[in-house]
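Thanks for asking me to look this one over. Here are my notes, with the structure first and the points after it.

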Amino acid sequence: MDHYVIKKDTDRDPLGAKIFSNNYEIAEIKKGPELSFILQNRAGDKWNLSSKVHGKIRPFSLAVHDVSRNESREVLTIKDHLFKHNDRFYMFMNHPEGRPLHEYLQSHRYICRLVNFPYTDLADIEHHGKHRLRRYRGVPVGELSGLGIHGHNVKVSKELHDIGLLVAASSYLLYSAA
């Protein structure tokens, strides 16, 4: 598993944060224009993380655009805790399949790959009611813990390795930096 620790950067930017992996600073988050943040890694790649998803401000939602080059292309969309990657759906703050509910109340939060999820597109979910989404369980592929003041910890499995930094930064902004 890849492990990321995100800590508030109160010295330079009260709304910013630094992201560490293996005790090395690998990226930083800064306040961007309007309702957005800019994520930049040490290689100079940049992403815009905005709470405007498909033109609407949504709770527990982010649109991540790669803005490293002169173009802006959406690389990750999180809508109502859900995101899709490599044709699979994942949910932040989900309870893993086969684990007792009281464990959810006392332990870490999880990112789960949803099993037997009946939808094929994020847009379909809105029409069928997002309130029923919490009943779907899945296979844990990530773990979230801690607050941003002392360090928000995000672990992601190999299947999310290619978007691990984006998932970690998004998790921090959605659940810890409020």
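1. Let me start with one side chain: Arg88 is partly exposed, with a relative accessible area of 41%. Please keep in mind that this is a predicted model, and that goes for the points below too.

2. What does Arg88 pair with? It forms a salt bridge with Glu159, and the closest N and O atoms of the two are 3.4 Å apart.

3. With a relative accessibility of 24%, Glu159 counts as partly exposed. Glu159 also forms a salt bridge with Arg113, where the closest N and O atoms are 2.9 Å apart. Here too distant parts of the chain are linked: Arg113 belongs to strand β12, 46 residues away from Glu159 in its loop between β14 and α3.

4. How many salt bridges turn up in a search of the whole structure? The search finds 9.

5. Another of these pairs is Lys30 with Glu28, whose closest N and O atoms lie 3.6 Å apart. Are the two partners buried or exposed? Lys30 is partly exposed, at 40% relative accessible area, whereas Glu28 is buried, because its value of 11% falls under the 20% cut-off.

6. There is also a salt-bridge network, which links Lys18, Glu25 and Arg42.

7. Now for the fold around these side chains. The strands form a closed barrel of 12, with antiparallel pairing, in the order β1-β2-β3-β4-β5-β8-β9-β10-β11-β12-β13-β14. On average, neighbouring strands of this sheet are turned by 25° against each other, ignoring direction.

8. Where do β1 and β14 meet? Strand β1, residues 2–8, pairs with strand β14, residues 152–156, in the antiparallel sense over 5 bridges. Within this pairing, Asp2 has Val156 of β14 as its bridge partner. As a reminder, strands of a sheet pair through backbone hydrogen bonds, either parallel or antiparallel.

9. Finally, do look at helix α3, residues 164–176, which packs on the sheet. The strands touched by α3 include β1, β11 (88–94), β12 (109–114) and β14. The direction of α3 makes about 145° with that of β14.

Conventions. Residues numbered from 1 in each chain as written. Predicted model: local features only at pLDDT ≥ 70, side-chain atom pairs only at ≥ 80, totals over all residues. Heavy atoms only, no water. Pairing = 2+ DSSP bridges. Helix = DSSP H or I, 4+ residues; strand = E, 2+ residues; numbered from the N terminus. Axes fitted to C-alpha atoms, helices over the stretch in contact; angles between N-to-C directions. Contact = heavy atoms within 4.5 Å. Salt bridge = Lys/Arg side-chain N within 4 Å of Asp/Glu carboxyl O. Buried < 20%, exposed > 50% of the residue type's maximum accessible area, 1.4 Å probe, protein only.
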